[in-house]
Amino acid sequence: MREGIAMIKVDLSGAAGFFDPAGPDYAAAARAHRALLEHSGAGAEFTGWLDLPGRIQNGELKQILTAASRIRGRAQALVVVGIGGSYLGAKGAVELLRPHPQPGDPKILFAGNSLSPDALMHLLEELGDLDFDINVVSKSGTTLEPALAFRMFRGLLEAKYGTEKAKKHIFATTDAHRGVLKQMADEEGWETFVVPDDVGGRYSVLSAVGLLPMAAAGIDVQTVIGEAIEAFTAMSAQSPENPAWQYAAARQHLYRLGKTTEILACYEPSFRFMAEWWKQLYGESEGKNGIGIFPASVEYNADLHSMGQYIQDGPRTLMETVVSFEQPLNEFSVPFAMGDPDRLNYLAGRKLSDISRMAQEAVKAAHITGGVPNLEVRVPKRDEAGFAWLVCFFELACAISGYMSGVNPFDQPGVEAYKKNMFALLGKPGYEDRKAELEAKLTEKH
């Protein structure tokens, strides 16, 4: 890797004391990375995310920007309907980069990720009588949670604008050629964007799936895509200096040593849904064949006063990965108080970011002493470039880590089990035999 080219830095010093003498297996990381780049590994037909930023830049990006401009010019809210990879990346990006809408920004509301009537009511109350557009995101259009939400919000849209005018307020991100949603979009004349055939949902944030809601929120997606191209180019390097190798090899090494749960932590509250995106990415990619590191997340400092006890003194099956943003977007200094009533004048004049960093170092030292190896992922700033590099880094490291563990990191066979049972119990045509079987089992248990 050329010196200085990688924006992401991985610090393994907090885990080094837990490694056995052999250390992380970079030879295995190299084999996994080659299999990925040469498309010779399992699931190679779903590795299109590796060159996705370049394809988007030369393809759909102009259409995405035009549609986003139209949404921003007329809508007070954009309702994004989707579940899993169809919304987590976009929500993670919006919360990280645009947690508080600026003047002229539409609200970005996310629907279709729950079947809770109370959650739906809360969303409807938040939407109120605002002018709104819908971006429905689904490769097939048959996933129950978003399909139901779309039916409801489409009805609201048609009641508000009329059936014909409502069609101009709907954007469908779906399969290019087939599926229920694609058929509906063609019949109704909705503007469409593509979920690429060679990109799975959890790897799709840098496609229209994530980019349209991000652009509508006011995020500079041109910078995101440009930085993503640079990131994938930089991290294609075949070297132990590659941060994706370092992270993948270290976590697999610790897993073999009995650290079966990975906690992703960050000291920025706006990182919460990036952690949710990460949990899907790693959980769906690695958790199969009876193996896999369990991905969990915490929000520091808040969770130090709730989960901190478990992390410090609970079962020693944990490893911890901390995402750090080195440069805050804002800065505050602790004021001096006459008489020092709260005994905090020893901090007077100190920057809050410096205090936060010292707290982070204190936590790191305590957890290491308590038996929790600590990996740190350092990003310069919480901005479009930092977001793009984080996405590319975690995606690449996930694929390498999955291949190192011997699984196909691009399928998700276990996800369909609950869907089939749900369709059967709800009486969907074609599931009659499964319905009878499930009802018999449920009757036996009661």
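Student: Which elements each supply at least two residues of the lining of the largest cavity?

Tutor: The model is predicted, so some cut-offs come first: local features need pLDDT of at least 70, side-chain atom pairs count only at pLDDT 80 or more, and totals for chains, interfaces and linings use all residues. Residues are numbered from 1 along each chain as its sequence is written, and side-chain values use heavy atoms, with hydrogens and water left out. Rolling a probe the size of a water molecule over the atoms shows where empty space is left. On a 1 Å grid over the protein atoms alone, a cavity is a set of points where a 1.4 Å probe fits but cannot get out; a pocket is an open set with protein on both sides within 12 Å along at least five of seven lines; lining residues have an atom within 4 Å of a point. Here strand S9 (318-327), helix H14 (352-369) and strand S10 (374-381) each supply at least two. Helices (H or I, at least four residues) and strands (E, at least two) are DSSP runs, numbered from the N terminus. H14 has the largest share, five residues.

Student: How many cavities of 30 Å³ or more does a search of the whole structure find?

Tutor: Two. A volume is the space filled by probe spheres set on the points, which are joined across faces, edges and corners.

Student: Which residues in H11 and H12 meet?

Tutor: Contact means heavy atoms within 4.5 Å. Tyr 247, Arg 251 and Gln 252 of H11 meet Trp 278, Tyr 282 and Glu 286 of H12.

Student: At what angle do the axes of H11 and H12 cross?

Tutor: Axes are lines fitted to C-alpha atoms, for helices over the stretch in contact, and angles run from 0 to 180 degrees between N-to-C directions. The axes of H11 (residues 243-256) and H12 (residues 272-286) come within 15 Å and cross at roughly 60 degrees. H11 is therefore oblique to H12: under 35 degrees counts as roughly parallel, over 145 as roughly antiparallel, 65 to 115 as roughly perpendicular, and the rest as oblique.

Student: Which residues are the closest to the centre of the largest pocket?

Tutor: The largest pocket has a volume of about 870 Å³. Of its 33 lining residues, Thr 143, Gln 412, Val 415, Glu 416 and Lys 419 are the closest to the centre. Helix H16 (415-426) and H12 each supply at least two lining residues, and H16 gives the most, with six.
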